[in-house]
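Here are my notes for you to read beside the model. Take the points in order and keep the viewer open while you do.

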Amino acid sequence: MDDDGRGSGPRPDGDTGAQDDPADEDGPRPLPYEGVWRFTAPAVDASVPEARHAVRDLLYRQGVPLSDDLVQGLLLIVSELVTNAVRHAAVLSPMLGVEVAVGAEWVRVSVEDEHPYRPTALETDHGRTGGRGLLLVREIAREAGGTCDVHHTASGGKVIWAGLPFKDARIR
């Protein structure tokens with residue numbers, strides 16, 4: 001059964017639980033921090049810290065209940081994905097899209113560009129000084145109990161995303 005990221009866990013302070021009212025024909029109302037936010041940025045180096053700060057500020061402004069460790073991991077993922085788009089896709093994609101989607105118990109960040117190449121996570125090669133960003137993203141997501149993937153877009157580009165649960169998988 002698909003619950004759109006909702007779970008039976010505790011609700012934020014001040015929530016009366018009214019969204020579970022059976023009289024509400026539209027189903028449960030989203031929690032105050034749930035939503036999808038998208039912004040675009042030029043595919044230039046300065047966009048890396050700008051995207052990281054924008055995502056951090058959004059998470060705090062919306063009151064998303066994430067641990068500090070999870071926020072730091074998520075921001076590292078954003079940095080890696082935007083860096084990869086700037087370094088490898090800018091020639092065909094002068095703009096990139098960053099999206100943050102927050103459900104009741106999960107958060108997903110994605111970066112979209114118009115370059116058709118679909119990267120793969122490289123294994124450690126000590127002779128190289130780069131090329132392990134997607135491997136790092138995959139490992140951060142895995143350790144947090146989440147996942148990441150790459151998909152082609154209808155326009156021929158790609159979107160790379162990572163989704164993480166609010167609760168650390170190692171605690172379960």
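1. Start with Glu-139, which counts as partly exposed because its relative accessibility is 25%. (Buried means under 20% relative accessible area, exposed over 50%, and partly exposed in between, using a 1.4 Å probe and protein chains only.) Arg-142 comes out as exposed, at 52%. The two side chains meet in a salt bridge, 2.7 Å from N to O; the term means a side-chain nitrogen of Lys or Arg within 4 Å of a carboxyl oxygen of Asp or Glu. Both residues lie in helix α3, 3 residues apart, which is about one turn of the helix. An α-helix has 3.6 residues a turn, so residues three or four places apart point the same way. Arg-138 joins Glu-139 and Arg-142 in a network of salt bridges.

2. A word on where this comes from: the model is predicted, so local features need pLDDT of at least 70, side-chain atom pairs count only at pLDDT 80 or more, and totals for chains, interfaces and linings use all residues. Residues are numbered from 1 along each chain as its sequence is written, and side-chain values use heavy atoms, with hydrogens and water left out.

3. Which residues of helix α3 are buried? In this helix (residues 133-143), they are Gly-133, Leu-134, Leu-135, Val-137, Ile-140 and Ala-141. (Helices, H or I with at least four residues, and strands, E with at least two, are DSSP runs numbered from the N terminus.) Their cover includes α2 (68-89), β4 (147-152) and β5 (158-165). Just after α3, look for Gly-145, which has a positive phi of about 85°.

4. Now for the sheet. It is open, has 5 strands in the order β1-β2-β3-β5-β4, and its pairing is antiparallel. (Two strands pair if DSSP finds at least two bridges between them.) β1 (35-42) and β4 stand at the edges with a single partner strand each, so one side of each has no neighbour in the sheet. From one strand to the next, the twist averages 15°. (Axes are lines fitted to C-alpha atoms, for helices over the stretch in contact, and angles run from 0 to 180 degrees between N-to-C directions.)

5. Zoom in on β2 (residues 95-102), which pairs with β3 over 6 bridges in the antiparallel sense. Val-100 stands opposite Val-109 in β3. Ser-110 also has its place in β3 (residues 106-113), and it is buried, at 6% relative accessible area. Beyond its neighbours within four places in sequence, Ser-110 is in contact with Gly-97, Val-98, Glu-99, Val-159, Ile-160 and Trp-161. (Contact means heavy atoms within 4.5 Å.)

6. What ties strand β5 to strand β3? The side chains of Lys-158 and Asp-113 form a salt bridge at 2.8 Å, N to O. Lys-158 is in β5 and Asp-113 in β3, so the pair ties together parts that are 45 residues apart in sequence. Both residues are buried.

7. Finally, the other two helices. α1 lies across β1, β2 and β3, at about 160° to β1, while α2 touches β2, β3 and β5, its direction making about 10° with that of β3. α1 (residues 47-62) and α2 pack at about 150°, with axes 9 Å apart. By class, their contact has 10 nonpolar, 3 polar and 3 charged residues. (Ala, Val, Leu, Ile, Met, Phe, Trp, Tyr, Cys and Pro count as nonpolar, Asp, Glu, Lys and Arg as charged, and the others, Gly among them, as polar.)
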